[in-house]
Amino acid sequence: MKTAIITGGGQGIGRVATQYLLTHGYRVAIWETDTDALAELREAFKASSAQILFVSCDVSSEVNVRKAAEQTFSHFGQIDALINNAAIMIEKSLDKLTLDEWNRVIGTNLTGAFLCAKHTAQYLALQKGSIINMCSTRAFQSEPDTFPYTASKGGLLALTHSMAVSLGPDIRVNAISPGWIDVSALRKKAKAKPDDLRPEDHDQHPAGRVGQADDIARMILFLIAPENNFITGQNFIVDGGITRKMIYV
């Protein structure tokens with residue numbers, strides 16, 4: 001049985017990906033820094049400790065990541081996949097954004113992915129494993145005042161092909177760039193509030209709908225499958241086609 005690590009697995013895409021991998025025969029280690037989300041996940045997932053491991057981990061801390069990697073390998077005896085999903089966003093105008101806020105986003109979204117890869121690579125290589133970096137369509141286009149998030153995702157895109165070239169052939173590394181994925185109801189209870197999506201929200205997508213977390217979970221499962229071992233260094237945009245749509249005002 002294969003083992004996957006999902007960072008930021010307590011909410012959103014990470015939570016659904018956890019469920020998806022469990023139902024497809026994977027053992028999953030969830031690395032999560034939000035203690036409330038982690039506690040709610042423990043309650044929701046009744047799988048045995050042979051199938052799931054809950055790890056309190058701040059991916060921006062090398063001490064935390066090193067311990068989490070050692071704990072995961074000790075618990076399961078192998079690591080086959082790392083899904084670098086943990087991310088935060090701070091939206092502020094350039095004059096209001098502080099250096100601490102910039103560093104916090106970059107530290108979690110970009111440095112965190114580097115640290116997790118660094119401290120799991122020795123285990124992944126033993127299994128000819130796979131790394132998935134959760135990028136974003138914001139690496140290619142922006143809304144106003146998303147400076148650190150956009151920069152972190154652009155950096156993660158470049159880090160992906162750098163890792164693929166450097167870690168291959170023992171480890172494959174790919175990125176997934178989600179577009180609009182509705183995770184409003186997939187947050188911890190204190191923040192879960194389903195969006196009231198309008199017909200026009202769906203209709204602006206060539207696919208005819210806003211994305212769901214399952215769309216990303218299925219791509220994760222595809223990319224980490226051993227039979228797809230000729231795919232590495234790539235970025236897969238999963239956005240319902242909206243970034244291919246020309247919009248004129």
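Predicted model: local features only at pLDDT ≥ 70, side-chain atom pairs only at ≥ 80, totals over all residues.

Biologist: Why is T72 called buried?

Modeller: Buried means under 20% relative accessible area. T72 has 0% relative accessibility, so T72 counts as buried. T72 lies in helix α3, residues 62–76. Beyond its neighbours within four places in sequence, T72 is in contact with I5, A29, W31, L53, V55, G77 and I79.

Biologist: What makes the reach of α7 close to the expected one?

Modeller: The expected span is 1.5 Å times one less than the number of residues. For the twelve residues of α7 the expectation is 16 Å, and the helix reaches 17 Å from its first C-alpha to its last. The two values are therefore close.

Biologist: Which residues of α7 are buried, and against which elements do they pack?

Modeller: The buried residues are A213, D215, I216, A217, I220, L221, L223 and I224. They pack against α1, β4, β5, β6 and β7.

Biologist: Which residues have the most contacts inside the largest nonpolar core?

Modeller: In this core of 31 residues, they are L21, I83, I176, I216 and I220. Elements giving two or more residues to the core include β1, α1 and α7. The largest share, seven residues, comes from α7.

Biologist: How do you know that I176 is in contact with I216 and I220?

Modeller: Contact means heavy atoms within 4.5 Å. Both I216 and I220 are among the residues that I176 touches, as are M219 and F236. A second, separate core has 28 residues, including C57 and A86.

Note on methods
Residues numbered from 1 in each chain as written. Heavy atoms only, no water. Core = buried A, V, L, I, M, F, W, Y, C linked by side-chain atoms within 4.5 Å. Buried < 20%, exposed > 50% of the residue type's maximum accessible area, 1.4 Å probe, protein only. Helix = DSSP H or I, 4+ residues; strand = E, 2+ residues; numbered from the N terminus.
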